[in-house]
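Please look through the sequence and the model shown here before reading on.

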Amino acid sequence: MILTAALAVPLLGAVALAFWRGWSQSAARLWAIGISVIPLVAMAVAWWRFDTSGTMFQLVEEVEWVPSLGMGFRLGVDGIALAVAAMSALLFTGAAAYPVDTRGSARQYYAWILFLEAASLGVFLALDLLLFYVFFDLTLVAMYFLIAGWGHGKPQRAALKFFIYTLFGSLFLLLAILGLYLATDPLTFDMRELIARQPLAGAGAIANVVMAAFLLGFIIKTPLAPFHTWLPSAHVDAPAPASAILAGVLLKMGTYGLIRIPYSMMADTFAEWALPLAVLALISIIYGSLVALGQKDIKRRIAYTSINHMGYAVLGIAAAGALLTGSEAARSMALTGATIEMVAHGLITGSLFLITGSFWQRGETYDFAAYGGLSAPTPKLAALTTLAAFASLGLPGLAGFVAEFHILVGTFGVYPWLAAIALLGLLITAALFLRMLQSLFFGQLPERWKSMPDLNAAEFSVLGILLLLVVVIGVYPAVLIDLIETSTGWLVGGQ
Amino acid sequence: MLWLIPLFPIVAALLLYHFRARSRSRLAMACSATAVVLIELALVWFAEASGWKGALGWNSHLALTIDFTPDTFLAALMVPVVAAPIVFFAAAHEEAARLGRLITLLVGFVGVMQLIILARDLLSLLIAWEIAGALSWLLIGHRFQDAERGRHASQAFLTTRAGDLGLYLATFIAFQQNGNLAYADLDQMSPLATSLFAAGVTLAAFSKSAQLPFSPWLFAAMFGPASVSALLHAATMVAAGVVLLVQLQPMLADVSWLGPVLISTGLATALAGGLVAAASPHAKRLLAGSTSAHYGLMFVAIGAGYPAVALLHFALHALMKAPLFMMAGIAGHRADSYNLSQIARIQFPAGLKYSSAIAALALAGLFPLGAAWTKEGVVSAAGLVTPWLAVAVAFAGGLSALYSARFQCSTFFRHSAKQQNDAQTSESGWQHAPLYVLTALVLLGSVLWLPAVHSGLGQWLGAAYPDTELWEFAISLALVLLGLFLGYRMVARGPGQGERTTSPARNVLAQWFFLPHLAQRLIVIPVDALSQRLAALDDKVVDAGIRASARFALWLASVGDRSGEWAFDLLPRGFARLGHALAAASSRFMEWLSDQLPEAPARLSGLAGQQVRRLQSGMLHHYYSLMAVGVGVFVLTLILAAVKGGLS
């Protein structure tokens, strides 16, 4: 019941906001925060109940719907899903609590946030392929309205582009899902069955077509270069909490999907496609960091670093799936690293996007040349931004390093050259974040920012909690790794 | 329990920040910070005596482990011994604004350095290694009001991180070979892997210890406060490279190229750094050049197979370099400039001058100070490779004497021109205490010349020393005396001391042979240009994406308009059109890319805006049409599934 509750509560919360008109601005916000805490608690309970030496999928909840067609309402988690879902639930609470200008329609804004939370958690908790797809698409709807309704700049254009482009990707995903489904006998959408049966093993051309469609769908979502062009404009024009969710949660659906479906359900085909996928990931790592270095806008710079970081995650997944047997230690490290990267990137980049929201609220510009010397008036903002930036550039002791170290060590065991070249990304991301910090916080304080207010209590506590977790995972990652290794053990050794 | 050694200073530093950051009393701040570092010293002693160990598992393959060896115990003692006076000095002298932050970072750095020293596996090392880089970024950029300092802090961080990539690579190789990262297993790798591993580690050590071609980052680091320079050069950061190679040298003894590379790079840096220091008009940069040079000597010793000599030279260098930086800080503060000719105009108390003179003579390598003994060790070790090498090392020692004399004489002799600076009278005697303490330790280091002392130390470290030949000692001593004399002459004559550039040759030297400019030209500017180009290109692709997606949506809308049509009919045709649309979009994109680059953006954005506005009017309509397609596909599948189910 606990997983169903994690989906149903925010959904009902959204419905309450949508159909009752009497909400004040602060009531709607408090309601949204309160409601979004419940899935977080549910995830904490699930984490506590999860048996790290048990079966792959646990806490399964299942209701048959159309048994003859193998459809059903199936929820459940493995270590990877639970880690990512818990991070998402936390990020949603943070996003709901983060101050934002709702332009007089707080009720609708928070309704969409809660609806998006239900849909997003659904993607990670679904054990049914059809359910997965439905939730996957519903997130687009909610994000479209959040960007179009509360964005700035040219929000409608950005929202539309985001919507069309990712919907385009998910059409391929749907076709691939159906292709996989039709190969099962008896028919089923049950992920556990699909993983156990490997329906398209040895199916030749059809398997390759289905694999290509899956990869295209998930790569657009992740996104990897050159399928990333929807990302920067969607980020720049979205309100900051929506950006945080987009980067922290929605992008993870691409990598999570890669692990859950093509990697797990079509292992031998995936192994054939692993090298091209890894090369594409490497291109994203280098290209994303270089383009980010060329940006003059805080939010665009961070948006492009997402392409770099998600490139690391995909590199790890590709390396882990490159072989069916052999190099188990390295492949397990790579897959563990990819999952940690999802969690770490969610927390770190989520924080960074929330911080850009604080800049927007204070200065109404993202151009970092407009700022300077802000260490003096806003020491808390400076400290937390510096911490988040160092986390993002992969400083040890923080979560990003744990992820990238695992991925690269693991990848080196499979594709040494790719891992060696990917190291250059570490240097470029360091350069781009340090330069950003320099122009924001060093130098003379311009007259117009003399009275810039520091982070308020709400901002400080949200960022503080997210970044505290970044430090905890960085210093003692075993808390997370124990959970994830439960799944990687099944996914790397058990095929 | 051993985790207490790295953790205690870090936690205590945070507590200090919390309780002392707003403290008005410098003395209270100085005493509490120094007390923390001294407790750390006691902890190290106690931990070694009681055999503490530390291990922390990350996952089933990786674990962090720390432990003592005789080498690392000595280094772990040296760090707090040198750091305690430095944090005292910092609290006593540095400017009051954000003093709490400075002290916190300095004390915390001690803990991180201890982790570098105590690490017994590559992961622990890598963690501390990179955090040290980040801390130095925070420290060099301490005075944030000056944008230049931010730039220099980043230059230092990026230079050292470039070298760190070598350590990453070495770590990957070790894991791939051994399945773990423990130092203990490093000798089990295949010869090729060992060789690659050695290359990575050497790169990382060179960058941290400011060897060629990475040396100039130490110049950038001079933009931090004097106490920061003292800590980075003497006890932490720069020392990390040498401390690492001292530990790994025995495992890498089979790598044939390693010795020659270490010797040649170390010697080249010792000579180049010596020349740079000899030419520099800037007191702190003079000391920075000398740091590179002395670490170069340590690498020569490691390369010649005598890591213990390098370790002892590290310890003595730490003791003498810290007071010299303190002196430079006091002098720079009084003269309001680090230019030696400005400093020469200022009067200093005799106690300061003489204690700094002792440290300077130690840096010069003058018998009977302890640093002279370890330098003789390097000369003899090099002499065992070939005698000419010993001469070259002795020559580097002569350069060291020359710049030491320049530094010291500038504060000493030119009384005639000196002015009284009444702004400085606020300093009181206790503020100079750390300098006296360190100088006393430098003097104490002279006992190393006693055979009983150094052979006892050698036994405990389990290491042998090279035998010193008489001629080597004679040459060394002669070159030191010559260097001292020439350095004195340079100051006494005056020209070139002062204004920035006097001769092209000195300019080249003072700019570190233009290495920073070279790096700027060869790496920074091209990478920046590439990133700007890529960013511009990416923006244009974004626009093209808008166009393509707009066309795609229009097509979908037209599909939606004919939604009455039979689903079986609709789909194949739709996908055919999708193919056409995509093909058209991509071919147009290629066409545009090749010949419309200059004028495209304006036109494109107009066009895209127009189409998007057309779309925007009926957004819901489009969403419905997309949904219709989705539902259509789904229904089709169900039918197929039902048919298939019926057949089977």
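The points below are grouped by topic.

This is a predicted model, in which local features need pLDDT of at least 70 and side-chain atom pairs count only at pLDDT 80 or more, while totals for chains, interfaces and linings use all residues. Residues are numbered from 1 along each chain as its sequence is written, and chains are lettered from A and ligands numbered from 1 in the order in which they are written.

**Helix α2 of chain A**
- Helices (H or I, at least four residues) and strands (E, at least two) are DSSP runs, numbered from the N terminus.
- Because the expected span is 1.5 Å times one less than the number of residues, the 25 residues of α2(A), residues 25-49, should span 36 Å, and the 37 Å between the end C-alpha atoms agrees.
- Among the buried residues of α2(A) are A:Trp31, A:Ile35 and A:Pro39, where buried means that 20 or more other C-beta atoms, placed from the backbone, lie within 10 Å of a residue's own.

**Helices α12 and α13 of chain A**
- The axes (lines fitted to C-alpha atoms over the stretch in contact, with angles from 0 to 180 degrees between N-to-C directions) of α12(A), residues 298-320, and α13(A), residues 328-363, come within 8 Å and cross at roughly 170°.
- These two helices are therefore roughly antiparallel, a term for angles over 145 degrees.

**Annotated span**
- The end C-alpha atoms of residues 126-428 of chain A lie 37 Å apart, and this span is 78% helix and 0% strand.

**Chains A and B**
- In chain B, 56 residues are in contact with 57 residues of chain A, contact meaning C-beta atoms, placed from the backbone, within 7 Å.
- The largest share of that side of chain B, 15 residues, comes from α6(B).

Notes: A residue is buried if 20 or more other C-beta atoms lie within 10 Å of its own, exposed if 12 or fewer, and partly exposed in between; C-beta atoms are placed from the backbone. Two residues are in contact if their C-beta atoms, placed from the backbone, lie within 7 Å. Angles under 35 degrees count as roughly parallel, over 145 as roughly antiparallel, 65 to 115 as roughly perpendicular and the rest as oblique.
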